[in-house]
Amino acid sequence: MRSKLPQNKLSIFAVMSKMAAQYNAINLSQGFPDFNTDPKLIDLVTQAMRNGANQYAPLAGHLPLRENIAALVQDLRGAAYDPEQEICVTVGASEALFVAITAFVHREDEVIVLKPAYDTYEPTIELQGGIPVPVQLDAPYTKVDWDAVAAAITPKTRMLILNNPHNPSGMVLKDADLKRLEELVKDTDILILSDEVYEHIIFDAQQHRSVASYPGLKERALVTASFGKTFHTTGWKMGYCLAPKALMAEFNKVHQNTVFCVHHPTQVALAEYLKEPKHYLDLGSFYQQKRDVFLNAIKDSRFQFKPSEGTYFQMLDYSAISDLNDVAFAEYLTQEKGLASIPVSVFNKDNRDDQLLRFCFAKNEDTLLQAAAILNSL
Ligand code: PMP
Ligand code: GLN
């Protein structure tokens, strides 16, 4: 048997969540909330099921949901997407990312990936015979070196993958970043795949800047979003993709041959739930409060950190505590101290180790304070 992904290891999220369960550790590794979603949303799903939305949904998604997504994007990003032809509801952002790469990356095409990077991008590029071109950011990964990105562009560059707000660092791109990117891709055929799953989780009065708001980027962009992150429903695997008509037509060809359509009753429920903007507009302050509880509780510890600007992740530098590499330190912390995290090197080029661990603070205050007590003891 010839593996199509010979180098691919079991995802760090599976590894660390399993280890957390095995050692009965507090699990701040894989990113998911330890609290439930809004009971109103659950009621809407069961209602949709009772009302008979139990057969296939339209290929690109339940139209009222696409219409409400279009209204939200128009309102927040000032960008027009036609719900009939420029929006597709997907099995989480994961399917959108997979489909976008599959639809556009040909054999030998180069795809620029900023590292650290979410773990599905490069294997998916490789499955299509494409060539990932990693551009490593300097720790703590809070700035993009656009000159390095410019230097990575070649005539074979087909796509550039952006993740904003950035997992694992919490970096949030600024207006100048998007403008520089717009300048870099002008007069090229480069597509932008913009993974914006944490778009509503932004702190300290900053603002999410979507590629959709920049005309020179929007015209060449596929934007992915996730209801899992926004509505505390990561297990539902519901997301969507936005793209201009010509790109979406190609996207839909792959989507129809992958899943055809997505869980129907949940789409009906989300269409209704999205009508109330506070369901997503309040998310930044909700998670900022959790970040602050966590960071305030460890401010006298020996960990060093720069507060996360967005996402529900916080990176901590443990170099004052241990010389172990980050994988070994994350294992030690889980197995000996009862606290699971994610070693950031797994997302880096050549597994570069900057002695950083990623902690998910999408947790109840009790969980965060228990975790902080462990960190303070080190
Ligand atoms: N991109 C990033 C950066 C993520 O953190 C996640 C979360 N798992 C995803 C994509 C996938 O999102 P979903 O769970 O909606 O498939
Ligand atoms: N996005 C989540 C994280 O970064 C995990 C997703 C997964 O388990 N595949 O932790």
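Colleague: What makes strand β5 and strand β6 a pair, and in which sense do they run?

Modeller: In this predicted model, β5 (residues 157-163) and β6 (residues 191-195) share 5 bridges in the parallel sense. Two strands pair if DSSP finds at least two bridges between them, so β5 and β6 with 5 bridges count as a pair. Strands here are DSSP E runs of at least two residues, and helices are H or I runs of at least four, numbered from the N terminus. One of the bridges joins Leu 162 to Ser 194 in β6.

Colleague: Which numbering and thresholds apply?

Modeller: Residues count from 1 along each chain as its sequence is written, chains are lettered from A and ligands numbered from 1 in written order. Local features need pLDDT of at least 70, side-chain atom pairs pLDDT 80 or more, while totals for chains, interfaces and linings use all residues.

Colleague: Why are β2 and β4 called edge strands?

Modeller: The open, mixed sheet has 7 strands in the order β2-β8-β7-β6-β5-β3-β4. β2 (87-90) and β4 (131-136) each pair on one side only, so they are the edges.

Colleague: How do you know that helix α3 packs on the sheet?

Modeller: Helix α3 (residues 63-77) touches β2 and β8 (239-242), contact being C-beta atoms, placed from the backbone, within 7 Å.

Colleague: What surrounds ligand 2?

Modeller: Ser 11, Phe 13, Gln 30, Gly 31 and Asn 167 do, each with its backbone-placed C-beta atom within 6 Å. That shell has 1 nonpolar, 4 polar and no charged residues, Gly counting as polar.

Key: Contact = placed C-beta atoms within 7 Å. Axes fitted to C-alpha atoms, helices over the stretch in contact; angles between N-to-C directions.
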